[in-house]
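Biologist: I've got a few terms I'd like to see set against their cut-offs. Can you take me through them?

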Amino acid sequence: MIRVNENFKALSENYLFSEIARRVSVYKKMNPDAEVISLGIGDVTEPLCDSVVEAIHKATDEMADRSTFHGYAPECGYDFLKSTILENDYLKRGIFLSNEEIFINDGAKSSLGHFGDILSADNIVAVSDPVYPVYIDTNVMEGRAGKLLPNGQWSNIVYLDCPREKEFAAQLPERRADVIYLCSPNNPTGSVLNRDQLTEWVKYAKSHKSIILFDSAYEAYISDQSIPKSIYEIEGAKEVAVEFRSFSKTAGFTGVRCGYTIVPKELVAYDNNGSAVSLNALWHRHQSTKFNGTAYIVQRAAEAVYTPQGKEQTSSTIAYYMNNAKTILEGLKYAGFRAYGGVNAPYIWLEIPYNMTSWAFFDKLLNECQIVGTPGIGFGPSGEGYFRLTAFANSNNVTKAIDRIKNWNI
Ligand code: MLT
């Protein structure tokens with residue numbers, strides 16, 4: 001008799017954004033004339049920049065010609081893209097890495113989700129609360145989370161406090177944690193970890209022989225020069241951290257799919273005998289077994305992001321979204337909400353008034369303003385009472401949405 005992975009039964013029926021899409025689709029069916037504005041899932045709306053489109057056309061032509069055709073891509077990425085990334089995103093910031101330490105993939109989500117495959121199922125996992133749901137859901141799937149408790153927490157997960165008074169920065173845990181997910185700029189709160197805070201985390205990881213899985217998918221949105229874009233800006237981080245990055249939000253690749261993971265050679269985990277094992281070697285083994293490489297056309301597209309024109313064009317799109325963030329943040333404050341984030345991140349995190357639950361607020365905002373956002377509870381128990389709006393939207397729609405909120409008799 002075929003048996004299921006029981007861990008899946010412990011998960012909620014739908015992934016957060018699938019549930020939102022389901023509710024919005026029901027609403028639209030019942031209100032076909034409503035002009036619904038989505039500030040829910042963080043999905044880009046602006047087209048690919050010209051440099052990327054040209055590179056895609058050129059690579060497509062190469063694929064159409066026998067003499068320049070490409071079959072399977074190297075599982076861990078073409079050297080042309082790896083070298084370009086390392087030179088621009090790391091070397092220019094004084095970080096030295098080799099091509100063997102970077103793994104090109106189809107976006108941060110899948111590598112974040114799969115990374116647990118190479119770590120023991122009995123590691124203690126820590127996540128900030130609230131948090132991007134992929135970190136928890138994938139650990140539930142792998143049997144690392146324990147049981148769902150009545151307070152919405154998983155029994156084996158260490159939840160890191162992210163107090164409002166400390167600008168939602170993840171605080172060091174009282175219990176030991178082996179695997180620590182950090183996300184800066186943060187999804188969903190829009191907060192960032194500064195150099196001192198990251199240094200504390202690196203120190204913690206070193207002294208506890210833990211690993212930090214550092215999600216910096218939104219680093220391109222950091223405008224404050226003092227905030228690290230990479231965890232490897234912190235001394236010693238290569239010994240304790242993996243970094244996940246994506247072209248999705250940096251260059252509008254949500255529908256193209258490309259990202260990369262850095263697994264430094266210095267990074268080790270321990271086997272049952274206490275001997276150190278290279279995580280770089282294990283991740284290489286994982287990727288070459290389970291992944292057949294990101295498409296050549298896509299990797300050429302990603303390479304084009306780093307040309308002088310590509311940089312200029314992607315920066316202007318980022319500025320466009322950050323202008324939306326400013327409109328949302330200022331508009332919410334004008335309307336009387338307490339709102340956070342939106343300065344070094346494309347997400348705005350607002351406090352829900354009148355003790356309403358975040359799903360109740362979701363329904364009210366959709367029904368009364370025809371605006372879709374993301375309920376804070378979807379990011380973890382401490383997200384209750386909060387709500388996330390995204391700056392990834394058409395700017396006219398953002399203006400319209402904020403006008404509706406300003407005129408809303410909540
Ligand atoms: C979000 O809205 O949190 C993101 O778009 C989800 C993702 O990047 O997978």
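Modeller: Here come the labels, one by one, with the values behind them.

Modeller: Ground rules: this is a predicted model, where local features need pLDDT of at least 70, side-chain atom pairs count only at pLDDT 80 or more, and totals for chains, interfaces and linings use all residues. Residues are numbered from 1 along each chain as its sequence is written, and side-chain values use heavy atoms, with hydrogens and water left out.

Biologist: What makes α3 roughly parallel to α9?

Modeller: Helix α3 (residues 79-90) packs against helix α9 (residues 296-304) at about 25°, with the axes 9 Å apart. Angles under 35 degrees count as roughly parallel, over 145 as roughly antiparallel, 65 to 115 as roughly perpendicular and the rest as oblique, so α3 gets the roughly parallel label against α9. Axes here are lines fitted to C-alpha atoms, for helices over the stretch in contact, and angles run from 0 to 180 degrees between N-to-C directions. Helices (H or I, at least four residues) and strands (E, at least two) are DSSP runs, numbered from the N terminus.

Biologist: Which residues make that contact?

Modeller: F80, L81 and T84 come from α3, and Y296, Q299, R300, A302 and E303 from α9. Contact just means heavy atoms within 4.5 Å.

Biologist: And is the crossing of α3 and α9 left-handed or right-handed?

Modeller: Left-handed. The term applies if the near helix is turned anticlockwise from the far one by less than a right angle; clockwise is right-handed. The crossing of α1 and α11 is right-handed.

Biologist: What are the values for α1 and α11?

Modeller: Helix α1 (residues 16-30) and helix α11 (residues 358-369) pack at about 35°, axes 11 Å apart.

Biologist: Which residues are around the ligand?

Modeller: F17, I41, G42, K109, Y132, N187, Y218, K249, Y347 and R388. The cut-off for being near is one heavy atom within 4 Å.

Biologist: Where are the cis peptide bonds?

Modeller: One joins D129 and P130, with omega about 10°; another joins S184 and P185, with omega about -10°.
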